[in-house]
Amino acid sequence: MAKAVKVKVKLESSAGTGTFYLAEKNPRTHPEKLVMKKYDKKSKKHEEFVEKKLK
């Protein structure tokens, strides 16, 4: 049986508020770090969220 391809990653706010989202990505097709603009509830703005390792 084959292993799962997708891995779970943590998207952490670059504003330093501690807000994070969980996402899945396929590391075979996208080996670079994931960067998305999402809403930060604590700063009440759209901020860049950068991929960090999920512990």
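1. The count of aromatic pairs comes to one, with rings of Phe, Tyr and Trp (its six-membered ring) pairing if their centres lie within 6.5 Å. That pair is Tyr21 with Phe49, edge-to-face, at 5.2 Å centre to centre and 70 degrees between the planes; planes under 30 degrees apart count as stacked, over 60 as edge-to-face and the rest as tilted. Tyr21 belongs to strand β2 (residues 20-25) and Phe49 to strand β4, so the pair ties together parts 28 residues apart in sequence. Strands here are DSSP runs (E, at least two residues), numbered from the N terminus.

2. A word on the source: this is a predicted model, where local features need pLDDT of at least 70, side-chain atom pairs count only at pLDDT 80 or more, and totals for chains, interfaces and linings use all residues. Residues are numbered from 1 along each chain as its sequence is written, and side-chain values use heavy atoms, leaving out hydrogens and water.

3. The charged end of Lys10 sits over the ring of Phe20, 4.7 Å from its centre. The rule asks for NZ of Lys or CZ of Arg within 6 Å of the ring centre and within 35 degrees of the ring normal.

Technical notes. Helices (H or I, at least four residues) and strands (E, at least two) are DSSP runs, numbered from the N terminus.
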